[in-house]
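This report describes the spaces, the nonpolar cores and the salt bridges of one protein model. Please keep the structure in view while reading.

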Amino acid sequence: MSGSNIEVKIFISGHKPCFEIRNGIFEPARQKEIISELEKGTEEDRFMAARANEYCELLTQYWAWKYKSADYYGFGHYRRYFEFADEKLCSRKPALREKYLNERSAKKLGLLDEERIRRIVSQSDVVSSVPFNYYIKSVRWQYENSGTLHVEDLDTVLKIIREEYPEYYDAAREYLNGHYMYTCNIFVMKREIFYAYSAWLFGILRRFYDYRDMKALGYSREAMRTPGHLGERLFGVYITWLKKQKAIRIGRRSIVTFEDTEQLTKLSWKNSDDEIPVVIPVNFQTVPLSASALRSIAEHADVNKRYEILFLEFGILPEDRKKLMNEVMQYENIRVNFLDAERLVNEHGMSENDADLKEAYAILLLPFVYPQIKKVLMLDATVIVQRDVAELYDFDMGERSISAVADAYLEGARSGYSERMRLYYSKLGNFPVLYETGVMVMNFSALREEYTEELLNRKVKERNYKNPKTDLVNLICEGKIEKLSAEWNYIPEVKGGDRAFAVSLSPEEIAAEAIQAEKKAAIVHFSGSEKPWEEPYSEHADIFWKVCRKTSYAEAILTQGNKPRLREKESGNVVLRWISYKLFPRGSRRRSALKKIFRKKH
């Protein structure tokens, strides 16, 4: 049977909505739906359905064995897939890591190339994962030192094999005492082998229940998943036995773990006449400041208008999203939404850029993400609003692409304060005026006419930008920017400081307007040298603290001062951490020894 004619089905176990690859190869398998189907089946089916949480992803394997037809049966999880990519990309490592599961990563890993997958699969009778090498320890040792499982269960399974499946006993001892471990119950098998393996596997696990009553033994929630863990080890036993069968062809692929499998959710904006769309880019560090920006918008909002606040977020935590929504819960005319900009940038192949360039790219991509939107108000997270932003949104910008305030600092820098900046901007473009982009009215309709996604991608990759958002907006929209009054973007500077001196060197009209804006500032933008959260006694600090002290982040900002906000939940290298849990399980002697070594070195 040629590779192009075989039917390969790889069932992906899942229990919640996520990004799904659906084609002629991959078939999502929802746990809830499988349970519902098995509950209507045989006595054996109902037994399995009642213990779905104990069998974990093995329930999908059982269901496919009983009710699905294919030439090759394969299995993965909603977060873990085999890769079917080029050898040079993966180098046949046991584990690979990807941030997001989406169209781009799926294509990169060969998951969308059905013909390639069929061809690779057809070259083997069994495709297994690349095993982990535990070096001086064994598979049995790893199970015994897992910290959550009971080695008596593994010994019970070994006893069942010895008494009821004796032809597999030597392979079981060899595998369990060996250094190489197959993980995650991920594989692809030819039909005849899959049927034989499933009958053997589920026969052993069914007998296990006759020997061990996990509930009576008081097993923890994780330990109650023992049948799934045992199945993972039994696969290794079966592969070891298959290797001794000379005619069996066994291939290997790397397992890819995706950190984030959620789908990109886009806000459904209607952009009606009484709706003010406001976009605020925010990252993990600026979340506490954005709460003040949000509250200041709400306190000055017109009760007869609706305000759609979209946080363009880069890696903020779920609890931060909840806090931000709670900040304006009492305002019925204000709705808060989030767009995962990190995921958006990744889907467009720009995730390797630095944080500032990714933010600039995401902002300029928005007109194409929301083709139904005509105009939005873009605000930095470091602003405090002192008038209704609807006034700014209603500013008549004609057919211009952007409305913004002249950047007094950059104008002063290139007028004499910094020869380096003058040379940089003279090479970048012929700008009569450089505009500050922390506060902008963006005419999405005009922007879609001004550039394409392809042009944006090319400009992003073209050079290294010193100030990505400012540079890209001024470069792409050169000659299409309408000047705003400086009161809509007043940036306080420490008097006598370098930035204040640079502002004084800007063209007279720009400098004068920047200085006069202080008296009637509609938006105070703390993006300059004065930062109240770092220096609470600075000249304009009261403007910030008057709003900030009402937010849920006030105490955190006060106690943290100018220290960087720590992200403990996602700190460290996730790949190394995952491997360390495998090689050095919690509670094991090996992990204790590693901690002692680490303490000595640090």
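## The second largest pocket

Helix α23 supplies the largest share of the lining of the second largest pocket, namely four residues. The model examined here is a predicted one. The volume of the second largest pocket is about 380 Å³. Its lining consists of 21 residues, and Y490, I491, E493, V503 and A514 are the closest to its centre. Two or more residues of the lining come from each of β17 (402-406), α18 (408-417), α23 (498-504) and α24 (508-516).

Sorted by class, the lining of the second largest pocket contains 13 nonpolar, two polar and six charged residues.

## Cavities

Four cavities of 30 Å³ or more are found in the structure. The largest cavity has a volume of about 100 Å³. A total of 15 residues line the largest cavity, and I12, C18, E20, P28 and Y78 lie nearest its centre. The elements that contribute two or more residues to this lining are β1 (8-14) and β2 (26-30). Nine residues of the lining of the largest cavity are nonpolar, three are polar and three are charged.

In soluble globular proteins, nonpolar side chains tend to be buried together. The largest nonpolar core of this model has 63 residues, of which I161, M189, W200 and Y238 touch the most other members. Helix α11, which covers residues 191-211, gives the most to this core, with 10 residues.

What does I161 touch, when residues up to four places away in sequence are not counted? The contacts of I161 are P166, Y168, Y169, A172, W200, I204 and L234.

## Salt bridges

Side chains of opposite charge can pair when their charged atoms come close. The whole structure contains 44 salt bridges. One of these joins E342 to K358, with the closest N and O atoms 2.7 Å apart. This pair links distant parts of the chain, 16 residues apart: E342 belongs to helix α15 (residues 341-347) and K358 to helix α16 (residues 355-369). Are the two partners buried or exposed? E342 has a relative accessible area of 17% and therefore counts as buried, because the limit for buried residues is under 20%. K358 is likewise buried, with a relative accessible area of 12%.

Another salt bridge pairs E462 with K459, and the closest N and O atoms are 3.7 Å apart. E462 and K459 are three residues apart in helix α21 (residues 453-462), so about one helical turn separates them. The relative accessibility of E462 is 41%, and E462 therefore counts as partly exposed.

## A link between loops and a network

The side chains of K495 and E539 also meet in a salt bridge, at 2.9 Å from N to O. K495 is in the loop between β19 (481-483) and α23, while E539 is in the loop between β20 (523-525) and α25 (541-548); the pair therefore ties together parts that are 44 residues apart in sequence. K495 counts as exposed, at 58% relative accessibility, whereas E539 counts as partly exposed, at 45%.

Salt bridges can also be joined to one another, as a network of them links E164, R206, R207 and D210.

Methods. Residues are numbered from 1 along each chain as its sequence is written. This is a predicted model: local features need pLDDT of at least 70, side-chain atom pairs count only at pLDDT 80 or more; totals for chains, interfaces and linings use all residues. Side-chain values use heavy atoms; hydrogens and water are left out. On a 1 Å grid over the protein atoms alone, a cavity is a set of points where a 1.4 Å probe fits but cannot get out, and a pocket is an open set with protein on both sides within 12 Å along at least five of seven lines; lining residues have an atom within 4 Å of a point. Grid points are joined across faces, edges and corners, and a volume is the space filled by probe spheres set on the points. Ala, Val, Leu, Ile, Met, Phe, Trp, Tyr, Cys and Pro count as nonpolar, Asp, Glu, Lys and Arg as charged, and the others, Gly among them, as polar. A nonpolar core is a set of buried Ala, Val, Leu, Ile, Met, Phe, Trp, Tyr and Cys residues joined through side-chain atoms within 4.5 Å. Buried means under 20% relative accessible area, exposed over 50%, partly exposed in between (1.4 Å probe, protein chains only). Contact means heavy atoms within 4.5 Å. A salt bridge is a side-chain nitrogen of Lys or Arg within 4 Å of a carboxyl oxygen of Asp or Glu.
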